[in-house]
Amino acid sequence: VGPDSEVRDTDIFDSGGNGITANERLVTEAVRVARATLDGINAGPGAEIRDTDIIDPGGNGATLGDESLVTDTGVTNCTGTGIDVAQGSTVHNSTVTGATDGVATGDSSLVIRTIATQCTGRAIVLGNASRAQDCEARDSDVGIDAADACTLQSNSVLGCINVGIALGSDGIASDNVVRFVPAGNGIQLGQSNTVERC
């Protein structure tokens, strides 16, 4: 679909490429994409993915451009990254179960009330100057991997094997819970970070 397209109340099964390939400003709502050979959804900037389920994609669950929004969306069992958004994007109230990386953002992005679990790599990956709040990162290799100048607030990291929270430089981590990191560091810090009430 081209620019400014909307896909609603639609099921897409067993596609040989992406489930949906779109230009800028795609809107999906109440969509289910299952077993795409490549990405479940691959869209340009300004995409809005709402109330969507992406199941068993061969690549990423959703790959979206700058200033995109993902809300109330679930991604299950993807080969690549569950939700991969570029800079200035928001991921809200969504779930990724079984991926390489769960949620990955570009710079200046927000991840809020989102759960990422059973990832072979990192549950949540934040670009520079991004924020994660009220999220859960569970049962993955690394819980939250944040670049420079990130803010982590009121997140829960449980059962991540090698690192619970990794902060780059100049970050803030407050009111987070990190438990059960059997093989590595609970909180791993770069330079000039502030950690409080964790």
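A salt bridge is a side-chain nitrogen of Lys or Arg within 4 Å of a carboxyl oxygen of Asp or Glu. By that criterion D101 forms a salt bridge with R122, with the closest N and O atoms 2.9 Å apart. The structure is a predicted model, in which local features need pLDDT of at least 70 and side-chain atom pairs count only at pLDDT 80 or more, while totals for chains, interfaces and linings use all residues. Residues are numbered from 1 along each chain as its sequence is written, and side-chain values use heavy atoms, with hydrogens and water left out.

**Salt bridges**

- A search of the whole structure finds 12 salt bridges.
- D101 lies in the loop between strand 12 (95-99) and strand 13 (103-105), and R122 lies in strand 16, so this pair ties together parts that are 21 residues apart in sequence; strands (E, at least two residues) are DSSP runs, numbered from the N terminus.
- D101 is buried, with a relative accessible area of 10%, whereas R122 is partly exposed at 29%; buried means under 20% relative accessible area, exposed over 50%, and partly exposed in between (1.4 Å probe, protein chains only).
- The side chains of D4 and R25 also meet in a salt bridge, at 2.5 Å from N to O.
- D4 belongs to the segment before strand 1 (6-13) and R25 to the loop between strand 2 (20-21) and strand 3 (27-34), so the pair ties together parts 21 residues apart in sequence.
- D4 counts as exposed at 51% relative accessibility, and R25 as partly exposed at 38%.
- D4, E24 and R25 are linked in a network of salt bridges.
- E196 and R197 form a salt bridge through their side chains, at 3.9 Å from N to O; E196 is partly exposed, with a relative accessible area of 34%, and R197 is exposed, at 56%.

**Nonpolar core**

- The largest nonpolar core has 42 residues, and those with the most contacts inside it are L26, I41, L64, L126 and L152.
- The largest share of this core, 3 residues, comes from strand 16 (residues 122-126).
- Such a core is a set of buried Ala, Val, Leu, Ile, Met, Phe, Trp, Tyr and Cys residues joined through side-chain atoms within 4.5 Å.
- Not counting residues up to four places away in sequence, I41 touches I20, L26, T28, V33, I49, T52, I54, G61, A62, T63 and L64; contact means heavy atoms within 4.5 Å.

**Surroundings of N42**

- N42 is placed in strand 4 (residues 41-42) and counts as partly exposed, at 26% relative accessibility.
- Leaving aside residues up to four places away in sequence, N42 touches N18, I20, T21, A22 and T63.
- The C-alpha atoms of N42 and A22 are 6.3 Å apart in space, and the two residues are 20 apart in sequence.
- The side chains of N42 and D39 are joined by a polar contact of 2.9 Å, that is, a pair of N or O atoms within 3.5 Å; within protein, one must be able to donate a hydrogen and the other to accept it, and residues adjacent in sequence count only if both atoms are side-chain atoms.

**Nonpolar surface patch**

- I187, L189 and V195 make a nonpolar surface patch of about 220 Å².
- Patches are made of residues with over 30% relative accessible area and no salt bridge, nonpolar side chains (Val, Leu, Ile, Met, Phe, Trp, Tyr) being joined within 5 Å.
- V195 is found in strand 26 (residues 194-196) and is partly exposed, with a relative accessible area of 35%.

Methods
Helix = DSSP H or I, 4+ residues; strand = E, 2+ residues; numbered from the N terminus. Patch = residues over 30% accessible without salt bridge, like charges linked within 9 Å, V, L, I, M, F, W, Y side chains within 5 Å. Areas by Shrake-Rupley, 256 points an atom, 1.4 Å probe, with all protein chains shown as cover.
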